Amino acid sequence: MVKYAFVVDLTKCMGCRACVEACKIENNTPQGVFWMYVFRFENGEYPNVNVTYLPRPCMHCDNPPCVKVCPVGARYKREDGFVLTDFERCIGCRYCQVACPYGVNYFNWKAPKENQYYSWTNEKGQNVYGSGSIKDYVGDFIPPYKNPDLQRRHGKEKRLTAGGGHFLGVIEKCTWCIHRVEKGLKPACVANCPVEALYFGDISDPNSDVSKLLAKKRWFRLLEDRGTAPSVYYIGSPPFFEGSKELTHLIAKR
Amino acid sequence: MELSESEKKLLKPIIYTGRRFYIFLAALFALLIWGFYAWYTQLRYGLVITGLRDIGVGPPWGLYVSNFIFFIGMAHGGIAISAAVRIAGLRTYKPITRIAEFLTPISLLMAALSILFDLGRPDRIFHLMIYYLERLGQSPLVWDWTVITIYFTLSVIYIFLLIRKDVAFCVQHFPRWRWLYKLLLVGYIAEEKEKVEKLAWWMALVIPTLLVLLSGGVIAWLLGLMIARPGWYGAFMGPYFVVAAVASALAAVIVVSAIFRRVFKWDEFIRPEIFRGLGNFLAALMFFYLYFMFAEHITMQYPGPQPTPELSVSQAILTGEFAWIFWSMTIIFFVVPTLSLFTQVVLKKFSLTVTTMSAIAILIGLWIKRVLIVVPPLTRSLLPYPIGAYTPTWVEWSLVIATLALATLLYTLVIKVIPAIEVKQD
């Protein structure tokens, strides 16, 4: 049976954040929400400085604390490894957000009408990207934020789980691009990484990219001592959290 | 049948309605309308108008959840005191049992309301029932509302059974509320008293178990089982919560009884011994609580100075951005009132004013403490996110005040129709 895993090669990652951008465009997430987040660490004093990056998608844990605490079963674990949120069932208690050691959950604090990269009008209703409608720019091409797959039901459970910015007052988080994976595509962040630092595949298949990579290289998983059994593997040395400087914060104050 | 002098005094809240009552009622209604406006604003714009934010920006839970825990704690007061009086036969405290009992269901309702305010989708609240069995095995939040429901049902039945003989007395004297009394007296026979006493005894036996299950159990586990949160995770939460719950409950009973004693001039019914006993017990519990606070922080501090997640939470509270709240709370609302109560014990003196003021201070302090339990661990993460910041907004404050106003209003209305002290005491 298929069991998906995500591999991040920290030795390749150069912190360009193309994955963050790809995720936002693909999933149409609200402003200030980063389902894929990249930590940047700086250690040492000039001239001996070491900068490292750590991309952080949802860990899609095999023992997910968020699934356990959900009082309505909106957060659930699929057999193929996905941990997803049913946007139609969530009551917005934010217990999953509290229970997650990785901080990957984002709540729709306000109505997600204006999403960061497709907000064509400003507060006064003026078009900030020039005149005319979106059609003038993209023609008949369906812009990603109108991707019908995001409104479709996925998996054998047939639940509304893909994409972001659905409702006010519900939790959303990284879906590993379920709507792409079910079509046989890779998640947007993986597909868009210019240095192939991100891998996605079937870990139960010994001949898959991820299995081969994990068999060959040394890897670690984030906060493994918390017993969450995350499905995201990192190749390279663990980042030096303490005493290092996180220089930029991607999370905007909303 | 004429009312005797002492009965007239006892039934003063029902017989006499002064101008001050209407002013008080109007003030409460004004607060409630303000609360409604705040809730409307929140429903309209979403929780963005609160100070709550995602991990790394602010805490996802704040005043609403703290208020929830506070009201759950206060709910124990009443019924636990009443149960203790019944089981242990503490006849001295008999006059305040009903005053205390009413606190329980009212506080539980306010706790439920606080959770409703906290939900992003209150319109989907019924999902809690639809998916109940599916989630009962795992989610502490489901355990919470299970035990709360049991506790609420049990306390309402308990009170209902015990007020009936007084209601039967009232129905003869106050025709104005006849319809309500008749409703409460469905199937009433004068001989039921003996059976009711027996039933109440058994229920009183169960109530302390529920107290431990609720405050020492599921409410504490709501936070204490979260391995992701330094400062919450651990077995300590249970005893920590149960002591705070009983202390806040006792303080609330002292405050409410003292107010009634003053307002209705019930000096002969609510004797000072009652306050002295409750005050002594409160002081003992608060010493325990202060010791617990110390034990909690030394556990988080000792592994330092190497930074651990627990240490960062402890530092946030003791020396960081929460320090001014923590230290003023500890000194003004915990240490000073506890020592005043203790001094009274040592010097064998008693002042109702000192006891009441101490109880009020401790009640406020325990409310603040709930905020300091809930919020700091949510501003610090295991991964190096920015430190979260929290400033409650006017909407949160308004809704917290509105729950308090609604509780007061419900209490006022209840004692307006049902005798707050048993008229027919044996």
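Start with helix H14 of chain B, residues 323–346, which gives the most to a nonpolar surface patch: four residues. (Helices are DSSP runs of H or I with at least four residues, strands are E runs of at least two, and both are numbered from the N terminus.) This is a predicted model, where local features need pLDDT of at least 70 and side-chain atom pairs pLDDT 80 or more, while totals for chains, interfaces and linings use all residues. Residues count from 1 along each chain as written, chains are lettered from A and ligands numbered from 1 in written order, and side-chain values use heavy atoms, without hydrogens or water.

Now select the patch itself: B:Phe287, B:Leu339, B:Phe342, B:Val345, B:Val346 and B:Leu347, together about 510 Å² of accessible area. (Patch residues have over 30% relative accessible area and no salt bridge, with nonpolar side chains joined within 5 Å; areas are Shrake-Rupley with a 1.4 Å probe, only the protein chains shown counting as cover.) B:Leu347 sits in the loop between H14 and helix H15 (352–374) of chain B.

Show B:Ala316, B:Ile317 and B:Leu318 from H13(B), and B:Ala323, B:Phe326 and B:Trp327 from H14(B), to see the contact (heavy atoms within 4.5 Å).

Last stop: A:Arg89 and B:Glu134, a salt bridge with its closest N and O atoms 3.2 Å apart (the cut-off is 4 Å from a Lys or Arg side-chain nitrogen to an Asp or Glu carboxyl oxygen).

Note on methods
Patches are made of residues with over 30% relative accessible area and no salt bridge: like charges are joined within 9 Å, nonpolar side chains (Val, Leu, Ile, Met, Phe, Trp, Tyr) within 5 Å.
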